[in-house]
Amino acid sequence: MQEDLREIAARFLPVSPGELNVLPIESGLINRTFLVQTRAGERYVLQRVNHHVFPNPDAIAANVEHVNARLAESGYPLERVHFFKTQTGAYHHYDPEGWPWRLVSHVPDSATYDKARTPERAREGARAFSLFYRHLNVGSGSLPLTPAIPDFINFRKRIADYRAALQERRNYATQNSKPNTQNWLPERRKRAAALIALVQPHLDLPEKWIEWQEAGLFPMRVIHADPKISNVLFHETRHTARAVIDLDTVMPGTLLYDFGDMARSYANTTAEDDASEPAPFSPELYRATREGFLSQLSDVLEPIELENLDYSAQVVVLIQCLRFLTDYLQGDVYYRVVRQEQNLERAVNQFRLLGGMRASSILWHKKSGAQTPG
Ligand code: GN1
Ligand code: MG
């Protein structure tokens, strides 16, 4: 494995495989990521793109070029990450099994975190994304981006996929796990029964969102679509944000999705797959996230965006819960898992987070379903 990875990395670099050291980075639920070091101490990030999820990696590379050009011309103050080309001038090297590999620039002296933990870090992470959105959305015309995954934020489809998974007739999981009775899908449905029942009364929560989206009421912006805290590189010692990474899902969409997903990640006091009680929601972290998000955008956002931040956070958490639960019911065909029950645990964690959000009287104004910004 190690030798193959060195050979792959050397396709992008003017060095021989023997001069490289490759180490795994255990992060991300879709792609596989490795750190590459040369003898001279230069570092790169090597990734195997999951082409089942991202069937057109070249479209991602083209999106990243457009995004980086716009960030550069607009004076974006953070670092930009870019892809290197192979010696034959391509953005991807395909291995004998057909997996696409790419080499990404590495930002020195940087650290990533799986949890925000403190309001300062939540605010700073959200501020980094706020800068990213401002520089991509203010000024010159729209960017010609190709969404890497169609219907990624189509919530009508996400709910339909969940309902279809509940009706699943296949017998056992086919990927990520060997067929055994633990993985029989009817067994999984039984083990998820309590959560399925708890989720049921919330399935109409996204209705208003879906209505607005289908009526074209959301302003179309360039969004990141995966703004979790681990996609911000922080300065190792100064704790300021250095870069926004993982541009795979950059696409046209509503910033309410990104705010919701940011809140889901930054206001969660525990790991995404921690299914233990109590509710992992922190109003303090949430408020800091909202401040950071708004910091560069107060003159950009329209009323429908400003008034629906809290509602969007709840909707996005519910949708993420349904995505994990759907994958659990289908036998772990989408997200990487290291344990049998991990997708169910992820879904439970998101459901508890939703409960915390909805219970917080500061955030949920029952009458209007809206909040005063700021
Ligand atoms: C996936 O692969 P990763 O970790 O960057 C997923 C996101 C989820 C996230 C949950 C393409 O992102 O939508 O929010 O897991 N990406 C895709 O941790 O589905
Ligand atoms: Mg991602």
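Which backbone nitrogen lies 2.9 Å from a polar atom of the side chain of Asp 95? In this predicted model, that nitrogen belongs to Trp 99. Asp 95 itself sits in the loop between strand S5 (93-94) and strand S6 (100-105); strands here are DSSP runs of E with at least two residues, numbered from the N terminus. Asp 95 is buried (under 20% relative accessible area, 1.4 Å probe, protein chains only), yet it has no salt bridge, meaning a side-chain nitrogen of Lys or Arg within 4 Å of a carboxyl oxygen of Asp or Glu. Its nearest side chain of opposite charge is Arg 48, 5.6 Å away; Lys and Arg count as positive, Asp and Glu as negative, with His and the chain ends not counted.

Zooming out, the chain splits into domain 1 (5-106) and domain 2 (119-236 + 250-368), with bounds from an automatic or database domain assignment. Their centres, taken over C-alpha atoms, are 26 Å apart. The contact (heavy atoms within 4.5 Å) takes 22 residues from domain 1 and 21 residues from domain 2. One salt bridge is counted between the two domains.

Elsewhere on the list of charged pairs, the side chains of Arg 336 and Glu 26 meet in a salt bridge, at 3.5 Å from N to O.

A few ground rules apply: local features need pLDDT of at least 70, side-chain atom pairs count only at pLDDT 80 or more, and totals for chains, interfaces and linings use all residues. Residues are numbered from 1 along each chain as its sequence is written, chains are lettered from A and ligands numbered from 1 in the order written, and side-chain values use heavy atoms, leaving out hydrogens and water.

Definitions and conventions: Helix = DSSP H or I, 4+ residues; strand = E, 2+ residues; numbered from the N terminus. Buried < 20%, exposed > 50% of the residue type's maximum accessible area, 1.4 Å probe, protein only. Polar contact = N/O pair within 3.5 Å; in protein donor to acceptor, adjacent residues only side chain to side chain.
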